[in-house]
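Here's a quick briefing to read with the model open beside you. Have a look around first, then pick up below.

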Amino acid sequence: MSDAFDLLIQNARVIDGTGAPRFRADIGIQGDRITGIGNLNGRKATRVIDATRLVAAPGFIDAHTHDDRLLLSDPAMAPKVSQGVTTVVTGNCGISLACSPSRSAAIPPLDLLDADGGWFRYADFDQYRRAFDEAPAATNAACLIGHTTLRAATMDSLDRPATAAETGRMRDMAEKALAAGAIGISSGTAYAPASAAPTEELIEVCRPMSQLGGLYVTHMRNEDAGIVDAMEETFRIGRELGVPVVISHHKCVGKSNHGRSSETLALIERNLASQDIGLDCYPYIASSTVMQAGRAKQSNRVLVTWSKPHPELSGKTLSDAARALGVSEDEAVERLKPAGAIYFMMDEADVQRILAYAHTMVGSDGLPHDAVPHPRLWGTFPRVLGHYARDLGLFPLETAVHKMTGLTAARFGLTDRGVLRAGAYADLTLFDAETVIDAADFDHPAQPARGIHTVIVNGTPVWADNASTGARPGRVLLRSTAG
Ligand code: ZN
Ligand code: CU
């Protein structure tokens, strides 16, 4: 190999993803790896980027996504690469495209990925992976298998616990997927098709992880009054299987639960002494998922994100939609379904407390197929960097970057990702620390962020000059068993 770099990033302020203070350095890339960091003056390079005014960070890892289909249907991944994201963790909240032999899976909340169901066509994880490899996306993907998807694939009715035979079929599918490179199993027991699953069913379906490794990642049964019980259930599943757990989009919903993050974070802290626990969080006081009457009642304000029977009401408030339909809000919820919504139901102090907690990773939970999506889809990472770290001073920029890179890679066992050092994969984001900020808001949610300069995946730029480059160097990442 010649000693010339393919790409040389000169004079950057390097924030390396470990949480360590920034330092000035050049970064040299050969092929898909970083091969030099330091003073690389005088070294030859095919291409040079002057980063004098920029921060160079590891590419951001979106710890919580629903990008299973976006990776295949819109592989430029603009909502993500425009924020500096280079890897997405897919299959969250019990919802994954694989393994789903049935095409009739368009039941809520699986319909968040595809309201028509045609994308539920990957009988096993290997097929999904092959589809990705044949037409790669701009970003990398690390994939969870959804328990709700497994239920839909194996059970004829979902309003009951799985039988022993059904549980066995789900367990076999999970085992095969883990062996083929899935990084863990997610659940979404908050949602009707999985809420009928008792703890024992979850443990049995996840059993192969005790041998093969992997994480149990959960949108817990309850995030309001019963949140502590739901956390205890999560911890029990992790202990019985001997695997790490991740609490998805940790939050305390409903007015009467505001402020309880002090209690929930203390509970996590206590249990950390005896087991491995992680969590992710998105930086907004509004949540978003399928349209549900209960959630709408708990919210100060509801926005319609999509509706199959009434697409024209996307983007409207629920009260405006009810007025347009000439019915009550309760009735409007039913008439709009199948539909999605944004729910203003959290407390800013809780969001900040959770975001600042040492073990909290940043995850967007963006819903890429909504007609008028929650702005977290396009705004999460620049909002943490610009709004929470720089403008509010909630934590140093180095901490913000760690929460979206090194912490996340370590949590999910993604080897040589999430840190900038010689030998690591060349996933990088160059951004302007003074100007980086989210531009997406609830009125205009599909806006690329400001201040993201260049985004590099496996050594190849995928975003530059505020546009996709067209390159698609992404890969499906496997979990390292060493972690
Ligand atoms: Zn969720
Ligand atoms: Cu989610």
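Where is the place of Gly94? Gly94 is in the loop between strand S7 (85-90) and helix H3 (125-134); helices (H or I, at least four residues) and strands (E, at least two) are DSSP runs, numbered from the N terminus. A heads-up on the ground rules: this is a predicted model, where local features need pLDDT of at least 70 and side-chain atom pairs count only at pLDDT 80 or more, while totals for chains, interfaces and linings use all residues. Residues are numbered from 1 along each chain as its sequence is written, chains are lettered from A and ligands numbered from 1 in the order in which they are written, and side-chain values use heavy atoms, with hydrogens and water left out.

**Two buried spots**

- Gly94 counts as buried, at 0% relative accessibility (buried means under 20% relative accessible area, exposed over 50%, partly exposed in between, with a 1.4 Å probe and protein chains only).
- Setting aside residues up to four places away in sequence, Gly94 touches Leu110, Gly146, His147, Thr148, Thr149, Ser186, Ser187 and Gly188; contact here means heavy atoms within 4.5 Å.
- One of those, Thr149, is 55 residues from Gly94 in sequence, with 6.5 Å between the C-alpha atoms.
- Cys143 lies in strand S8 (residues 140-146), and with a relative accessible area of 2% Cys143 is buried.
- Beyond four places in sequence, the contacts of Cys143 include Thr90, Tyr128, Ala182 and Val476.
- Phe125 is also in contact with Cys143; the two are 18 residues apart along the chain and 9.0 Å apart, C-alpha to C-alpha.

**The parallel sheet**

- Eight strands make an open sheet with parallel pairing, in the order S6-S7-S8-S9-S10-S11-S12-S16 (two strands pair if DSSP finds at least two bridges between them).
- At the edges sit strand S6 (60-62) and strand S16 (360-362), each pairing on one side only.
- From one strand to the next, the twist averages 30 degrees.
- S6 and S7 share three bridges in the parallel sense, and Phe60 has Val85 in S7 as its bridge partner.

- Strand S19 (residues 460-464) has four of its five residues buried, so the rest of the structure largely encloses it.
- S19 pairs with strand S18 (residues 452-457) in the antiparallel sense over four bridges, and Thr454 is bridged to Ala464 in S19.
- The S18 and S19 hairpin has two residues between the strands, and Asn458 takes a positive phi near 50 degrees there.
- S19 also pairs with strand S20 (residues 467-468), antiparallel over two bridges, with Trp463 opposite Ser468 in S20.
- In the hairpin of S19 and S20, again with two residues between the strands, Asp465 has a positive phi near 50 degrees.

**Helices**

- Helix H7 (residues 199-206) packs on helix H9 (residues 227-241) at an angle of about 35 degrees, with the axes 10 Å apart; axes are lines fitted to C-alpha atoms, for helices over the stretch in contact, and angles run from 0 to 180 degrees between N-to-C directions.
- Thr199, Glu200, Leu202, Ile203 and Cys206 in H7 meet Glu233, Arg236, Ile237, Glu240 and Leu241 in H9.
- In helix H13 (residues 329-336), the buried residues are Ala332, Val333 and Leu336.
- Those residues line one face of H13, because they fall within an arc of 105 degrees seen down its axis (the arc is that of the directions from the helix axis to the C-beta atoms).
- Their cover includes helix H11 (293-298), strand S14 (301-307), helix H12 (318-325) and strand S15 (339-344).
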